[in-house]
Amino acid sequence: MDFTEDLTAIDIVTFITDELQQSYRSCDAKDKAKVFEDFLERWDANDNSIVKVKSLQFEFESDLDWFNVSRPLTFSGLRGKIVLLDFFTYCCINCMHVLPELRALEERFPVEAGLVVVGVHSPKFENERTAANILSAAQRYGIKHPIVNDSKSALWRALSIRCWPSLFVLSPDGYPMLLLMGEGHGQFLHDFVGAALSYFGRQNKIENISLPLQLSTDLHPASNLRFPAKIARLLDRYAIADAGNNRVLIVSDLGVVEHKIGGLEAGFVDGNLMSARFNNPQGVTFLDEDTVIVADTDNHALRQISLQKGIVETLAGTGQQGNERTGGKLGQLQPISSPWDVAVFRARDMDMSFHVDELNVPEKTIVLIAMAGTHQIWGYFPEGIIWWKFKKFEPRCCVSLIGNGLEENRNNSYPQNAAFAQPSGLAMSKDFLFIADSESSSIRKASLVDGKVMPVVGGDRNPQNLFAFGDEDGKLYNAKLQHPLGVAYNHIDHKVYVADTYNHKIKVIDTETNIISTLVIRNQDNSVLTFREPSGLCIDASGKNLLVADTNNHSIYTIDLSTNTARRFLLDFNQLSSTSETDAPPRGSNLQLMKRIPLLQHHSSSIQFAIKLSPDLKYTTDAPQKWKITRISPALEIKQSNGILTDGKCTLQIKHLKNIESRKNDVLAIEFSLSLCDAQSCLIKRFAISVDSENPSDNMSLDPLNTEVGIYVNHSNISL
């Protein structure tokens with residue numbers, strides 16, 4: 001590497017990271033180990049190109065708030081570990097997308113094996129500097145690794161970090177080795193960390209010791225709700241996205257809980273109301289009196305609850321994060337990314353066919369989706385329709401409608417030239433969709449006649465300025481909000497109510513003047529009600545009351561709009577006719593299968609998983625049949641951790657690593673996701689197989705183990 005004298009230490013790290021990733025992507029799987037080995041050897045050699053990097057000095061500031069540890073950590077105390085610093089801010093959807101990748105990395109390489117992940121919270125918004133709000137976010141997103149509240153971004157500046165998320169990897173000697181920006185580095189990190197632990201382990205530089213980990217808990221006990229998100233209403237019935245409990249509640253206007261669907265542990269399971277599972281569902285809306293549409297956010301899926309039929313099914317999404325900006329595939333074949341809210345619009349079909357009564361042409365349904373992960377508004381078409389500019393949308397297709405996918409606050413007469421910044425809340429008026437565009441701190445609206453996008457309040461005239469936030473009432477751009485997540489349209493007074501989330505306030509917009517003002521809401525004793533990051537709003541049937549999901553207080557309030565007084569909307573769970581299956585740990589049955597294979601008794605093993613379908617089932621044409629390793633012992637090494645089945649089969653090549661102890665006999669878990677069809681419909685089958693092994697013996701076999709695991713799948717059961 002030339003001219004390093006002209007570069008800063010961080011620029012050098014950025015350069016060598018890019019260089020390594022290019023080599024990694026361009027070589028075959030068998031050569032990746034050599035690429036990593038050559039890279040890691042540079043840190044022991046007298047490589048002049050990285051002298052500046054090795055001389056870089058930095059440390060956590062003292063007196064910072066720490067979470068999930070019993071005492072603050074120091075970089076000197078982390079010597080002997082591969083350290084991964086995750087620079088994140090909890091409002092950022094891209095930062096949320098990194099969390100599952102980090103979780104998988106931590107499960108594969110626990111602290112005792114030599115990897116430590118530390119979240120360095122570097123705030124964008126003022127509200128994100130507060131320790132209590134970070135703790136709520138850590139609980140909401142299930143973050144269990146250490147987090148430091150770098151409220152003044154001191155470490156961010158010291159290391160010249162430029163964007164969220166950024167992943168900074170240190171060697172056991174504390175030298176910066178990698179700087180990865182953005183999301184999508186999961187597989188690369190998995191391979192690199194495995195190679196680094198092996199390399200430095202051979203040099204006896206890895207300390208296989210634990211850390212003072214201690215999960216932080218809120219001192220205020222949660223109610224029956226946990227981080228409630230959006231609320232929807234039809235007639236006298238409400239649907240509540242109880243996001244922190246991974247469930248949806250169906251509630252009467254008196255607070256009587258009629259159904260609770262999902263809950264306890266997160267999952268992605270279709271089926272009856274008792275066994276279905278969700279993962280952090282944020283958005284809900286009624287399609288009709290007995291049908292609820294759910295934005296199942298962390299499953300990256302659009303789900304449907306049919307109360308009359310008693311089933312939950314997936315309408316769109318694969319369960320894995322997508323990155324498409326156009327879409328158009330049917331149903332479960334279309335991957336989507338972090339849907340955050342949903343709304344229903346109905347329009348006449350523009351098929352130009354003759355109708356005897358042109359005034360009574362039936363309307364067709366369109367489910368609108370705030371696709372936070374791609375910064376767009378998407379649509380799902382249950383019936384199919386000919387709509388804007390006479391474009392035909394096939395039944396069950398899921399497609400981008402508004403926004404080009406760039407993260408901007410760009411208004412435009414043409415829907416595909418407009419841009420959003422993490423749209424997170426939707427509300428329908430007659431022909432306008434109001435949008436809480438959280439990262440631009442603005443409320444905007446889109447015409448559903450032609451797709452034109454217009455400003456309402458907040459944000460900035462410069463579409464690339466996503467830092468125009470504050471707390472000011474006023475008109476259009478003079479008004480300032482801070483990361484609003486919820487909107488509700490009142491069909492009685494034609495006003496839009498806003499959950500100005502990071503300002504902890506409820507505000508109201510006069511839609512004729514585009515002027516927003518703050519509501520001063522009081523308790524029954526006339527004291528001012530204090531919200532904590534409210535994120536969901538809903539108008540009752542009369543238009544006189546507003547329901548507010550006070551998310552971080554785990555509560556719902558009813559606000560009398562004539563007096564601005566509040567009372568708790570209390571839920572009554574006692575009227576449920578039977579105990580839900582989700583009140584108890586989920587039964588494994590056909591979702592979790594067990595197989596004993598003596599992997600720890602052999603130096604190497606080859607396992608072939610072979611799936612056989614019943615005669616009435618077949619694989620969906622063009623749909624990938626996926627598998628992935630979800631858990632593996634540090635004592636085992638596998639060449640490929642995910643892939644596509646070929647003729648219903650996949651083969652794992654596993655190596656037993658010397659000198660690494662397996663603390664558990666439950667050494668491996670593999671998850672399958674099958675897209676199947678019968679004569680009438682398509683469905684997804686998901687199941688996992690846990691592999692148990694005996695403890696290793698002193699006389700480990702040098703002969704490779706070759707075995708096959710047969711799996712039989714029919715409509716109602718999965719068995720070995």
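Contact here means heavy atoms within 4.5 Å. The model is predicted.

Start with Met-700. Leaving out residues up to four places away in sequence, Met-700 touches Leu-600, Gln-601, His-602, His-603 and His-656. Met-700 sits in the loop between β44 (682-692) and β45 (705-713). Its relative accessibility is 23%, so Met-700 counts as partly exposed. From Val-257 it is 443 residues away in sequence. In space, the two C-alpha atoms are 57 Å apart.

Now go to the interior. Nonpolar side chains tend to be buried together in soluble globular proteins. The largest nonpolar core here has 60 residues. Within this core, Leu-85, Phe-168, Met-177 and Phe-192 touch the most other members. Helix α7 (residues 186-202) gives the most to this core, with eight residues.

Not counting residues up to four places away in sequence, its contacts include Val-13, Ile-16, Thr-17, Phe-39, Leu-40 and Trp-43. Met-177 also touches Ile-82, Val-169, Leu-170, Ser-171, Phe-192 and Phe-200.

Next comes helix α4 (residues 93-108), with 16 residues. From first C-alpha to last, α4 reaches 24 Å, close to the 22 Å expected at 1.5 Å a residue. Its buried residues include Ile-93, Cys-95, Met-96, Val-98 and Leu-99. Asn-94, His-97 and Arg-108 are also buried.

Three loops deserve a check of the backbone. Pro-165 lies in the loop between α6 (154-158) and β5 (166-170). The peptide bond from Trp-164 to Pro-165 is cis, with omega near -15 degrees. Phe-390 lies between β20 (385-386) and β21 (392-393), again in a loop. Its phi is near 60 degrees, a positive value in a residue other than glycine. His-494 is not a glycine either, yet has a positive phi of about 60 degrees. The loop that holds His-494 runs between β28 (486-489) and β29 (495-500). His-494 has a relative accessible area of 43%, so it is partly exposed.

Finally, the cysteines. How many disulfides are there? A pair of cysteine sulfur atoms must lie within 2.5 Å to count. By this rule the total is zero. Buried means under 20% relative accessible area. Cys-27 has 18%, so it is buried. Cys-538 has 6%, so it is buried too.

Methods
Residues numbered from 1 in each chain as written. Predicted model: local features only at pLDDT ≥ 70, side-chain atom pairs only at ≥ 80, totals over all residues. Heavy atoms only, no water. Buried < 20%, exposed > 50% of the residue type's maximum accessible area, 1.4 Å probe, protein only. Core = buried A, V, L, I, M, F, W, Y, C linked by side-chain atoms within 4.5 Å. Helix = DSSP H or I, 4+ residues; strand = E, 2+ residues; numbered from the N terminus. Expected span 1.5 Å × (residues − 1).
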